[in-house]
2 protein chains.
Amino acid sequence: MRGSRPRVKPLEGLNGHAHSPSDYDAEQYELPGDEYINGPLPTPFPRKGKGPAYEEGGVIDWQREEAAERERKRILASHRGFRGLTARLADAGSMWLVTILTGLGIGTAGAWLDVLVRWLGDLREGRCAYGFFYNQVMCCSGLDPGELCYEWQTWSEYLHIKWIFVQSLLQSSIAFAGSAAVLVKYYAPYAFHTGIPEIKAILDGYVLDSFLSPWTLLIKALGLALAVASGLSLGKEGPLVHVSCCLALLLSKMFKQIHRNEARKRKMLAAAAVAGVSVAFGSPLGGVLFGLEELDTFAKGTDVMWRGFVTSVIAAMALQYIDPFGLGKLVLFQVQITDETTVWRAFELIPWLILSVLGGLLGSLLIRLNARAAVYRRSSALNSWPTLEVVCVSAITAVVCYLVVFLRVQSSELVANLFMECDPVRGDYHGLCNTTATWANVFLLILTAGTKLVLTAWTFGMMIPAGIFLPTIAIGACLGRAVGLITQGLQRAYPQAWIFLSCPPEPNARCVSPGFYAVIGASAMLGGVTRMTVSLVVILFELTGALSHVLPIMISVMVSKWVGDYFGKEGIYSIWIAMRAYPWLPPSEFRDKGETAADVMKPAADLVVIAEDLAGGCELQDVDQLVRMYRFHGFPVLCGETLVGYATRDNLRAALDTLIAEDLASGQRRRCTFAPRPMQPESNFVDLSTVLEDAVLQMRPEMPLELVVSTFQKLNLRHILFSRGGVLFGMVTKTDIVHLFTAQFPYTSALSEKGW
Amino acid sequence: MRGSRPRVKPLEGLNGHAHSPSDYDAEQYELPGDEYINGPLPTPFPRKGKGPAYEEGGVIDWQREEAAERERKRILASHRGFRGLTARLADAGSMWLVTILTGLGIGTAGAWLDVLVRWLGDLREGRCAYGFFYNQVMCCSGLDPGELCYEWQTWSEYLHIKWIFVQSLLQSSIAFAGSAAVLVKYYAPYAFHTGIPEIKAILDGYVLDSFLSPWTLLIKALGLALAVASGLSLGKEGPLVHVSCCLALLLSKMFKQIHRNEARKRKMLAAAAVAGVSVAFGSPLGGVLFGLEELDTFAKGTDVMWRGFVTSVIAAMALQYIDPFGLGKLVLFQVQITDETTVWRAFELIPWLILSVLGGLLGSLLIRLNARAAVYRRSSALNSWPTLEVVCVSAITAVVCYLVVFLRVQSSELVANLFMECDPVRGDYHGLCNTTATWANVFLLILTAGTKLVLTAWTFGMMIPAGIFLPTIAIGACLGRAVGLITQGLQRAYPQAWIFLSCPPEPNARCVSPGFYAVIGASAMLGGVTRMTVSLVVILFELTGALSHVLPIMISVMVSKWVGDYFGKEGIYSIWIAMRAYPWLPPSEFRDKGETAADVMKPAADLVVIAEDLAGGCELQDVDQLVRMYRFHGFPVLCGETLVGYATRDNLRAALDTLIAEDLASGQRRRCTFAPRPMQPESNFVDLSTVLEDAVLQMRPEMPLELVVSTFQKLNLRHILFSRGGVLFGMVTKTDIVHLFTAQFPYTSALSEKGW
C-alpha cells in the first residue's frame, strides 16, 4: 500500500489508539477545532485580504513572515533614483513615526489615567467646595504644610450625616467596580486581567488580534480607571502595558507594511510594551530591561531594543512634561534618599534577609492562592455571574478596608507614605511615626498585608482590568515597614546591645530607616511573585536613585527568588500562561535528565506523511485527499524511507488546486513527485519539489533534549524533523516543547477550554 | 575507489586547484599551521591536563563544552544527603565568590589606577612643597575656590628656570611612554592596544589564554597608568575591561570547575567585562547594556546578564567607596544639570544635527585613518622598532600639545571642563568663558580636535595599552563646545532674529549652554567611532542624569551612526577584529541578495569525508590514515551517497588508537562501520556509530543565506551540513560566515599573519 499512494494510515488510526484525537493535543493550539475534516470543505482557511493570514488562536510562522519582510525590503532596495529613495525613507519613517507617536501617546494616556483615577478616587470620599470637577489635591492646593483644608468636604461633612460616609464609600465602590465589569463583559472581554501573559504569548507568535482591538483599548483604559478608583486591591501597571500595545497596533494600521507583516508587527508591539512599563513605573531603563528579561524582546534583534529604548524615553518624557502628580517626579512613590539615610549598617542585613525569605514565601503563596481562586471561579457557579462577583467583592473590599486605617487610602498613596522616612517637618501620616504606638502600628501593618494578600489573590483574575504589581508592592511595603519598626523598636530599647553598637551613640539619633525597609519588603515581595531579577532592581533603583542602596535591593530580590523557586519555578505570569494554555515557550533554561530527542518526538510511524514511491511518485488525487483530510500545518514528505522534505498545507493546497482542476478538465490522473529526479520530457510526472519548504531543520534523534529545547527557543521554530542516515525517525513540534515546561504544573490548561 | 576505503581525493588535490592550501583558508583559524601533516606525527595535539583542551588560536566547541557542563551538573545533582547539598552549595558559591571578588577587585583597581595616573600626570609638571608623593589636587586641597595654590610648584617654578618646563614635560613623557612600551614589548605583548576586539572574539569562543595571563594583567595595569600619564592621546576605558577580564580569570583559577570549562569561563569573563565598563565610565547600567549590545553577552543566558549586573554594581560601589577624585562622584566629568540648564530650545536641534553629522563623518575618518596607520605600521620598517616609535610619537605629542592650551592638560580634565557650564563663582578655565575671546576659543577648540584626531588615529595601535573612548570623547567635546560657542555668539549678536525668539528676552540671560553642546559632540563622535546605540546613550545619561537631555543625546547618537554607516557598517572594534582575522561572528543582521546556502557552501566533492561502502564498511587503517593526514576539526561520514553523520577528529583518534593497537597486536585488519546495521556476532566489523556527534544540524541547500547566518549566530555553531534526500551536498563552517561579513573590507586579515 505504501509508496504507490500517500499513506492512509491515519484513517485506519481513527478507530485505533494511535490516532485518537487526543494524540494530536500537541497541535491543538494551531487548530482550535477538530483536526479531521469530514469531507472536503470549500474553504477551510478563509483568507482576509492578500498575503498569508493566520486564524485567531494560531501561531505565526516566523520564518515565513521574515522571508516576506526580506522580500519586501529587497524590492524596496531595487528601486532606483528619487522614487526609490523616497520609498525607502517613507518605509523607515513610518516605523519611526509609529514608534514616536506610541511613546507620546502612552505617556499622555498614562498621565491622564493618573489624573482620572485620582479624581474618581476622591469623588468616592467627598467633593470640592469650588466645584465638582476638582480633586482633593487641586482643591487644597496653595496651602502650607500642616494647614487644614476646609474647601474639601467629605460626603458626610457635606450632608452632615455621619453614617453616610461608609455608605457612600460602599455605593461608589460598587458603582465603579460594577460599571468596569459591565464594560469589560459586554464590550471587550479581552480587557480583563493584567494582559501581560497574553502580550508575552503574542510577542512569541500567538495570534490574538481581538486582544489588541481599538475597543479593547478604550474599555481597558476606562475600566482600569474605574477599577483602580473603586478601591479594589489592584494596580494599573500591567494593564497600562496592554493599553500601550493596543495603541501601537492602532497607530500601525496607518501603514500596511507594518500591519500586514506579523513579525514586524510584533517588533513594533515589543517596543510599545517597553514604553508601557516605562510609564507605569516612571522608569525608562527599567522598561528596557523588563523588555529584555520578561518579554524576551532582545531575541528579536538589536534594532528592537533600540526602538524600545527610544519609545520608552519619549513616553517617560511625555509623562514628566504633563506631570500628573504636580510634583515634578515620574512616580508617586519616589524615595528621597537624604544624606542622613544613605548609610546602612551591617546588622540590618539580618532583618532584610528575613524580609527576603518572607517575600519569597508569601510570593509563592500569593501565586498559589491566585491560581486556585482562578480554577475555582472557572469550575463553580461564579463562572456565569462575573459582574455579580465583581460587585460582591468590591462591597466586601470596601467594608473590610474601612476597618483598617492603612487600607482605607489608595494603594499608591499608602506605598508612597510607607516608603517615606518619618520627618517632623512633613507631619505624621496616620500615626505611622508615633513612637509610642510602634507595636500597634506593627500589628496594623501585618493585618493590612494579610488582608491585601487574600483580597489580591481573589481580585487578580476577575472580570475587570487589574494589575498585580501595585498590590504586591503594597503588601511588601507593609511587611517591610513592620519589620523596620520592630528593628527600630529593638534598637531604641537596647541601644547598648553589641549588635547595635554601629549606630550613633546619641539617644534618638536616627539609625534604622523603616522607610527603606519598606522598599526592601516591596522588592522581596515582587521577586517572589514575578521572579524577575535585573529589571526589578533597575525599577527600584530608579525609584530610590541611590547607588548605595542597590546592594540590599539586589540581595533581597535574589534571595526571595531563590526561596520562591523552591516552591515552583514559575512567576505569576507564566502560571497564567500555563493555565490558559498559550503556546508560549519560556526563555528559561531547560535541564533534561539525560533524555534525547527520541524520548519526546512523535515517531515517524505515528505521523501523517506524504510518502511517494521510489519509482512511481504518488498520485495527485491521493495527495489532494490527504491535504483535505487533515488540518495540520504541514506534512513531511518521504520517498521510500528517505526524508525528502516538508511541505506546508497552504503551499500544497495552492499548488494542488490548479493541478487538480487541470486534471479534471483533461480527464487524466497525473502522478507527482517531490524528489528531483531525471524525468523524460514526455513523462506524466508533475514536479512538486518547489512546494517543499526551504528552511527545514533536520537533526539526529540522539540529540540531547536540552539542545533541542534551546534550538526551539533561539530559532523560534515550529517543528524539527529527526532523521538518521536520511531516514525519517520522528518530529518534534513547539507544543511538545511547551508541554515539557508546563507538564508538572497542576493547573495547566485549567482555564483554556471555553475561551473568555 | 570510493566506498572500499576512505576517499583520498585530497591527496590528489594537492596538485590540482581543488585542494590547494588556499582553499582551506576558511578553516585556518582552527589550524594555525598547515593542514596537511606529512607523515604520521606522534602527538599533533599535545594535551594539557585532563579533559578536552584547545590550542591557542582555535575556537571552542560550545556544544561540547555545554554538554560537559550539563554532565557535571547532573553528577552534582545525583549526590544525595548532606554531602550532595554542600557540593551543590560550594558549586554555586564558587561562581558567586569569583563574581563578587571580581567586582571588588576591578572597582579597587580602577580607583587606584585613577590615583596613580593623576599622580604620575602631575609629576610631569611639578612637585608639591609638602612632599614628592602628593598630587596637585591633594597638595592644593583645603583652599577656597579662586584662591591660588602656592604649595604646588611646577618644575620651572621650583628650579627657577623657564625653559625647563618644556624639557621636563618632554623628558617625562618620553620616559613614561618608553617604559610602558618596553614593559609591553618584553613582558606581555598582549597588553598592547585596547583589548576589546580580543575580548569580543574570546567571548565568542576564540581561544587566546595568554591574552588573559597574570603577567598581562600586571603589565597592562602598570603600562596603562604610564601611558595615560605620558600625555599620549589615549584613554583607559578599553584596557580597564581587559584588566577586569584578566582579574576574573586569575580569580577563577581557584576553582577548577570554572577554569576547566571553556563555556563557563567565558560566562564568567562576560560578567567581568561588564564590570570593567561599569568602572571605566562610572555607569553600572551602562556597563550592563554595553555587555548586551557590544559584547553580546545576553545570548549566553539570563543568568549571565544577572551576574554581570551584580558584578557591575559591586564594582561601581567599590569605586564610589574609595572615591579617587575625592568628589563623591563616580566619574571625573559628571555633568551637573542645574535648573537653569534643564531647558533646551527647538532651534538648538539645528546645531546639534550639524554636530551629529560631523560626528559620523569624523568618526568614519578616524576609523579609516587608524586602519591605514595600522596597516602601514605593519608593512613598514616601524614594525621592527615599536619602542622607538612610541618614544618618537610621545615626543611629538608632547611638543605639539605644548603649543595649544587645551592640549596641554590631561584629556579627562579637559573633557570635565568642556562639559561644565561657565559659572562666575567657579572661575574661568583657560579663558574658555571669556566672552570677548569667543572666536579665538572656537579656533583653538577646532585646532585641538583636529590635532587629537590625527594623534589618536596613530596612537591607537602602538605597542602600549591604549583606549579609544576618552580621545573620542575629547575630540567630540571640543567640536561640541566650539559649535556651542558659535551658537551662543550668534544668539548674543542677533538676539532679535526670529530663530532666537524662544530665548529669554533679557540681555545676557543664559539661553545656549555650550557645556551641553560638548556632551552632544562627544555622543556624536562616540556614535561615529563605535557605532553603539543604547549603551552609549545610557552611559551619557548616567553622566548627565537628566531625563530631559536624553532625547538630544539619543538623536545625535542615532544620526551619527546613520551617517557613519553610510561609509562602512563596522565600528572601530569590528575593524580591528577583521584586520586581525579573529573568528568572530558579528551579531548584526546579514542581508543576502537572494543567495542560498548552496552559493557559499563547500560542495561535497571538495570535502574530505570518510566514505564507507554500503555493504563492506571501510578499513580501520584507511580511516586512521585519513585522520592522521588532515588536521581538520572533523569529517562528514557517508555510507554510499547517504550522509550518516559527522565525527570529530578528537573522538576518532581516541577510538582508533585503541582499535589499531589491538589490530597490530592480533595482526588482523578489521573493517569498521558508522551506520548501524544488522551485524552477525561473528562478523569482523567494528561498530563506530557511537563516535558520531549527536548534535549535528542538517539543512537543505535551498536554505536562504540569511537564515543560515542567523542560525550560526543564534546557536553558536561551528558548521552546518547540507543535504537533500539524505545525500550530502556540502558544508558551511563558521569561517565561511565570518568571511561573508568581512569580505568587502579592504584590510581584512592585514594584521593577522605574523602574530604580535
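1. Buried area is the accessible area, taken with a 1.4 Å probe, that two parts lose on being put together, summed over both. The model under review is predicted. In it, chain B and chain A bury about 5,800 Å² between them. Carbon and sulfur atoms account for 71% of that area.

2. The contact draws 63 residues from chain B and 62 residues from chain A. Seven residue pairs, with both members at pLDDT 80 or more, are in polar contact between chain B and chain A.

3. On the side of chain B that touches chain A, the elements giving two or more residues include α2 (62-78), α13 (302-322), α22 (550-566), β7 (642-648) and α27 (705-715) of chain B. The largest share, nine residues, is supplied by α13(B). By residue class, this side of chain B comprises 38 nonpolar, twelve polar and 13 charged residues.

4. Two salt bridges are found across the interface of chain B and chain A. In a salt bridge between B:E706 and A:R70, the side chains meet at 3.2 Å, N to O.

5. Within chain A, strand β6 (residues 634-639) runs antiparallel to β7(A), and six bridges join the two. A:V637 has A:G645 in β7(A) as its bridge partner. The two strands, β6(A) and β7(A), form a hairpin with two residues between them. In the turn, A:G640 has a positive phi of about 65°.

6. Is strand β7 (residues 642-648) of chain A mostly covered or mostly exposed? The strand is mostly covered, with six of its seven residues buried.

Key: Residues are numbered from 1 along each chain as its sequence is written. Chains are lettered from A and ligands numbered from 1 in the order in which they are written. This is a predicted model: local features need pLDDT of at least 70, side-chain atom pairs count only at pLDDT 80 or more; totals for chains, interfaces and linings use all residues. Side-chain values use heavy atoms; hydrogens and water are left out. Buried means under 20% relative accessible area, exposed over 50%, partly exposed in between (1.4 Å probe, protein chains only). Helices (H or I, at least four residues) and strands (E, at least two) are DSSP runs, numbered from the N terminus. Two strands pair if DSSP finds at least two bridges between them. Contact means heavy atoms within 4.5 Å. A salt bridge is a side-chain nitrogen of Lys or Arg within 4 Å of a carboxyl oxygen of Asp or Glu. A polar contact is a pair of N or O atoms within 3.5 Å; within protein, one must be able to donate a hydrogen and the other to accept it, and residues adjacent in sequence count only if both atoms are side-chain atoms. Ala, Val, Leu, Ile, Met, Phe, Trp, Tyr, Cys and Pro count as nonpolar, Asp, Glu, Lys and Arg as charged, and the others, Gly among them, as polar.
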